[in-house]
Amino acid sequence: MADQRSILIVDDDSEVRALLDELLRGEGYKVRVAKTGAEALASVEKDQPDLVMMDIKLPDQDGIALLRTLKQGHSDMEVIV
């Protein structure tokens, strides 16, 4: 589907990632997951999602710091923390 909306889920909890992945795919979204801030940044650089849903506490960095980094390079990207 060319116009399928994409969502990146960033959370270190595998159960949260799996639940959100399943729910959002069921609603027709293209979903990618990351468990660290570094994985999230790499994923966004590869292919910018329409929305990032992320945890505020990540194992490698603070979610607010990641938000700032994401918004510096992609100010138009929507992010839910």
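Predicted model: local features only at pLDDT ≥ 70, side-chain atom pairs only at ≥ 80, totals over all residues.
Colleague: What makes residues 14-26 helix α1?

Modeller: Helices are DSSP runs of H or I with at least four residues, and strands are runs of E with at least two, both numbered from the N terminus. Helix α1 has 13 residues. The expected span is 1.5 Å times one less than the number of residues. For α1 that gives 18 Å, and the end C-alpha atoms are 18 Å apart, so the two agree.

Colleague: Why is Asp21 called buried?

Modeller: Its relative accessible area is 19%. Buried means under 20%, exposed over 50%, and partly exposed in between (1.4 Å probe, protein chains only). Asp21 therefore counts as buried.

Colleague: Which residues does Asp21 touch, leaving aside neighbours within four places in sequence?

Modeller: Asp21 is in contact (heavy atoms within 4.5 Å) with Ile9, Val31 and Val33.

Colleague: Which residues of α1 are buried, and how do you know that they lie on the same side?

Modeller: Arg17, Asp21 and Leu24 are buried. They cover an arc of only 80 degrees around the axis, so they sit on the same side of α1. The arc is taken from the directions from the helix axis to the C-beta atoms. The buried residues pack against β1 (6-10), β2 (30-34) and β3 (51-54). The face turned away carries exposed Glu15, Glu22 and Gly26.

Colleague: Why does Val16 count as partly exposed?

Modeller: Val16, also in α1, has 30% relative accessibility, so it is partly exposed. Val16 and Asp55 are 39 residues apart in sequence, with their C-alpha atoms 9.8 Å apart.

Colleague: Why is Leu41 called partly exposed?

Modeller: Leu41 belongs to helix α2 (residues 37-46). Its relative accessibility is 24%, which means partly exposed. Beyond neighbours within four places in sequence, Leu41 contacts Gln61, Leu66, Thr69 and Leu70. Its C-alpha atom is 10.0 Å from that of Val10, 31 residues away along the chain.

Colleague: How do you know that β1 joins β2 and β3?

Modeller: Pairing needs at least two DSSP bridges between two strands. Five bridges join β1 to β2, running parallel. Ser6 has Lys30 as its bridge partner in β2. Four bridges join β1 to β3, also parallel. Here Ile7 stands opposite Leu51.

Colleague: How many bridges join β3 to β4?

Modeller: Three, and the strands run parallel; β4 covers residues 78-80. Leu51 stands opposite Glu78 there. From β3 the chain crosses through helix α3 (residues 63-73) to β4, in a right-handed β-α-β crossover.

Colleague: What makes a crossover right-handed?

Modeller: With the strands pointing away from the viewer, the path from the first strand over the helix to the second must run clockwise. β1, α1 and β2 also make a right-handed β-α-β unit.

Methods: Residues numbered from 1 in each chain as written. Heavy atoms only, no water.
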